[in-house]
Structure formats: structure tokens, C-alpha cells
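Dear colleague,

Please find below the structure that I am handing over to you.

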Amino acid sequence: MNAPQERPHPAPTPLTEPYWSACRTGRLVIQRCAGCRRYVHFPEPACPFCRGTALGFEPVSGRGHVLTYTVIHRPFVPGFADLAPYAVAWVELVEQPGLRAFGGIRGCPTDGITIGMPVAATFTDLPGFGPIPDFRPLGPEERDGRSPATPRATRSCPARAAPDDHGPVEPRRAGVRDVGERPRESTPPPQPEHIRRRATSAAESTPAPRRPP
Ligand SMILES: [Zn+2]
């Protein structure tokens with residue numbers, strides 16, 4: 001029996017190092033533009049909304065809902081065989097409409113994942129690298145509270161609900177109302193082209209979890 005292959009590691013750059021450093025302390029931080037105050041993810045050298053270059057990293061709640069996901073049954077990337085079947089998802093964070101993060105869904109059977117499912121960031125140790133962010137289902141007792149997300153990977157998954165029980169709309173709106181630190185907008189900010197491309201390619205054929213470069 002061959003030894004399990006090591007999973008590929010993220011390769012932090014000067015641009016993404018603050019993101020990974022925060023992960024090592026169990027915090028999810030997202031780039032935010034000092035000019036227009038919009039969050040930007042994945043990290044960029046310039047704001048895709050206003051082209052400003054004053055971008056810093058700020059902690060976020062880690063909460064959001066599943067926009068879309070896919071289940072990988074036959075991993076083609078070395079090191080993921082022991083995970084299969086596993087799910088990866090685009091998650092819209094509550095801080096801003098269209099603010100999408102990518103990660104695995106942990107602590108939940110893959111057939112228990114639903115579009116619109118409330119989730120929170122959790123950190124999984126990648127051997128040889130350190131904590132990397134994934135998402136876990138948000139328990140019913142956590143959805144109404146304001147307590148910050150706790151980094152733990154195991155949790156019972158809520159039973160699959162009927163489509164009418166929780167669509168993608170209400171969880172997102174509830175989360176947006178919780179923020180309260182930016183002016184409400186009648187329409188979401190435009191989604192940068194590069195994020196739309198990534199979302200499309202991830203939904204169509206994602207072989208393994210992708211991380212910021
Ligand atoms: Zn900006």
C-alpha cells in the first residue's frame with residue numbers, strides 16, 4: 001500500500017500572506033478597499049470596483065450561505081483521495097452582496113448540503129502547511145445569535161429541508177441586515193469579471209479546493 005500523497009499547499013505571496021497569517025490564528029480576514037469600503041476577494045493589487053490601491057485586510061464574521069457547490073467523487077489531484085466524496089462550495093459572505101469565498105464543506109454529509117445553507121468558516125489543518133479555511137453548517141442555535149463563528153470542523157448537519165424551508169434569499173438578507181456598518185444599497189455592487197469567471201469554472205469542473213494563490 002502506497003503512503004498517502006501529500007496535498008498541494010497554497011503558495012502565499014506578499015499579496016496573500018496576510019490572509020494566510022490570519023488563518024494561522026483562526027481568523028478569516030478579507031481585503032477591503034479604503035476608498036470605497038468594499039470587500040475584495042480574492043486579494044488584488046487594486047480595487048476592482050474603484051481602482052484604488054489602498055487595500056488592507058479586515059476580519060470578517062466568516063458567516064455566509066452556500067451559493068453553489070459540487071461534490072467530487074473521483075479526485076484527480078494527488079492527496080485528495082482520502083477525502084472523497086467531498087464537497088467544495090462558493091459561499092457568499094454576509095458582509096457584502098457578491099462577496100464570495102471558496103472552500104470545502106466540512107462536518108456535513110455531502111448529501112446534506114443545500115443551496116442557501118447557512119455556513120460559518122472553520123479551519124482545517126493541512127499537514128505541512130497549517131490551518132486553511134473551510135466552511136461548516138451553521139447550527140440552528142447559532143443562526144439567530146451574534147456570537148462569532150467558532151473554529152470546529154465536526155457538527156451534525158441539519159436534515160435536508162424542503163425547498164420552501166430555506167431558500168437562498170432569506171438567509172442572505174438576514175445576514176446583510178446584521179452588518180449595519182455600511183450604507184444599504186438597492187442593488188448589489190457589480191461583480192468583477194475575474195470573479196464571475198472563477199465562479200463559472202468552479203461550478204462546471206472543480207477537481208479540488210482552490211485557494212488564493
Ligand atoms: Zn474601492
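Pro 85 is located in the loop that runs between β4 (63-72) and β5 (86-93). In this predicted model, the peptide bond that joins Ala 84 to Pro 85 is cis, and its omega is about -5 degrees.

A cis peptide bond also leads from His 41 to Phe 42, where omega is near 10 degrees. Phe 42 belongs to the loop between β2 (39-40) and β3 (55-59).

The loop between β2 and β3 also holds Arg 51. Although Arg 51 is not a glycine, its phi is positive, at about 70 degrees. Is Arg 51 buried or exposed? Arg 51 is exposed, because 10 other C-beta atoms lie within 10 Å, and a residue with 12 or fewer is classed as exposed.

A positive phi, near 65 degrees, is likewise found at Arg 37, a residue other than glycine. Its place in the chain is the loop between β1 (29-33) and β2. How many C-beta neighbours does Arg 37 have inside 10 Å? Arg 37 has 15 such neighbours and therefore counts as partly exposed; the class of partly exposed residues lies between the limit for exposed, 12 or fewer, and the limit for buried, 20 or more.

With kind regards

Methods: Residues are numbered from 1 along each chain as its sequence is written. This is a predicted model: local features need pLDDT of at least 70, side-chain atom pairs count only at pLDDT 80 or more; totals for chains, interfaces and linings use all residues. Helices (H or I, at least four residues) and strands (E, at least two) are DSSP runs, numbered from the N terminus.
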